Amino acid sequence: MFENLTDRLTHTLRSITGKARLSEDNIKEALRDVRKALLEADVALPVVKAFIDQVRSRALGQQISKALNPGQQFIKIVQNELISVMGQANESLNLATQPPAVILMAGLQGAGKTTSVAKLARFLKEREKKKVLVVSADVYRPAAIQQLETLAGEVGVEFFPSSADQQPVAIAKAAIDHARRQFFDLVIVDTAGRLHIDQELMEEIQALHAAVNPVETLFVIDAMIGQDAVNTAKAFNEALPLTGVILTKADGDARGGAALSVRHITGKPIKFLGVGEKTDALEPFHPDRIASRILGMGDVLSLIEQAERTIDKEKADKLVKKVVKGQKFDLEDLRDQLQQMQNMGGLTSMLDKLPGMGNVAQLAQQANMTKQFKTMEAIINSMTPWERRHPEELNGSRKRRITQGSGTEIQDLNRLLKQYKQMAKMMGKMKGGGMAKMMRGLGGMLPPGGGGGLPPGFPRG
């Protein structure tokens, strides 16, 4: 996410950090590069202009001239302005109303609206402990109704049935009535989208809004469409009293223009980011954390929150106890670690949130590590329990059977065994000598310059 913008901005800001003093000339030069980076990231022109003007006035004011480290102070100003453009702090959903609270989802077809309904339902059920009902008022696409029914089953929330021969307003009202009688906390209403903005779409959603009086009207928008996202958001904002935005497909958006433009253009906060296809791939939008990621400073808070939600603490404790006692780290332990990493969105997602590891995250993506981790898991699953505990005993015939069973090659298995040996050796350093030894071992594996390449032993294409 935001890789192109991060690369350009970190390069520009690195050149100004070392300056002993900042002059009007070198600030002007840096701002020219920042402006270019933002325009290339498809940030809307009025947003770029306002951003640059604000940074310039603060950089040429008293804040910089009196600073002990002018270069770092300049970066701080850029960071603060990024946060300001995106909305200062996370704005959560306002659900303080007589239940059931109604959330209306609006947006164009193909933006990921129906998937976002399911993701939001799961988020509210698991993290807010709400009883959620979902309903589709998209009478033009029976497939959308079926899709929502399937997704509701996946995330474990109730689906209110509807059909193409009904009126959207009648569907929504019946769902709310059912929710009231069955003591649901929330009703999320999915609406029809079009491939473009038209009068009919706007009139229908305005009538639906007037009929259900939602506490939240969320606009779902595809981050990948850049400038068009801003124009669409503007049109919907003029037609409906939007309360917030869900930005989908943010994980595939290397530019980040929509994230930086939507708030400024509509005045409405981005409340959530869709960061993948799975139903748990929805993150609350924190402008300060996103600004930190854009500037290559990582997002450790989000990583910690993600770890607390997804890591199997029992398995993690079991591994720690095993290693501390000096017991052997085996392939079943390695498989557990691979699964934990997948649960956290894969290696690329984790590296992306670590300070200074943006380049490594990109390399990991290019090397298609997610696929290679799945290959490693398939190989381990093809082994017997005894073989997983005694990988050193694998002979030629066992290796042939394992690779045939997992649909892989002998070199894939040998690569896995080599990586396993490196990890087992590193884990062995924890016994007696403790964490200090292990950290020294890790230090030897890290690439020079804090992220110029992949650690040895990782799959490389």
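I began with helix packing: H6 and helix H7 (residues 142-155) pack at an angle of about 25°, with their axes 9 Å apart. Axes here are lines fitted to C-alpha atoms over the stretch in contact, with angles from 0 to 180 degrees between N-to-C directions. That angle makes H6 roughly parallel to H7 (under 35 degrees).

The model is predicted: I took local features at pLDDT of at least 70 and side-chain atom pairs at pLDDT 80 or more, while totals for chains, interfaces and linings use all residues. Residues are numbered from 1 along each chain, and side-chain values use heavy atoms, without hydrogens and water.

I listed the contacts (heavy atoms within 4.5 Å): residues of H6 including Thr 114, Val 117 and Arg 122 meet residues of H7, among them Ala 144, Leu 148 and Val 155.

Next I looked up aromatic pairs (ring centres within 6.5 Å; planes under 30 degrees apart are stacked, over 60 edge-to-face, the rest tilted) and found 2. Phe 123 and Phe 272 have ring centres 5.1 Å apart and planes at 75°, so I noted the pair as edge-to-face. Phe 123 lies in H6 and Phe 272 in strand S7 (residues 270-274), so the pair ties together parts 149 residues apart in sequence. Phe 123 is buried at 10% relative accessible area, and Phe 272 is buried at 4% (buried is under 20%, with a 1.4 Å probe and protein chains only).

I noted Phe 219 and Phe 236 as tilted, because their planes stand at 35°, with ring centres 4.8 Å apart.

Notes
Rings of Phe, Tyr and Trp (its six-membered ring) pair if their centres lie within 6.5 Å; planes under 30 degrees apart count as stacked, over 60 as edge-to-face and the rest as tilted. Helices (H or I, at least four residues) and strands (E, at least two) are DSSP runs, numbered from the N terminus. Buried means under 20% relative accessible area, exposed over 50%, partly exposed in between (1.4 Å probe, protein chains only). Angles under 35 degrees count as roughly parallel, over 145 as roughly antiparallel, 65 to 115 as roughly perpendicular and the rest as oblique.
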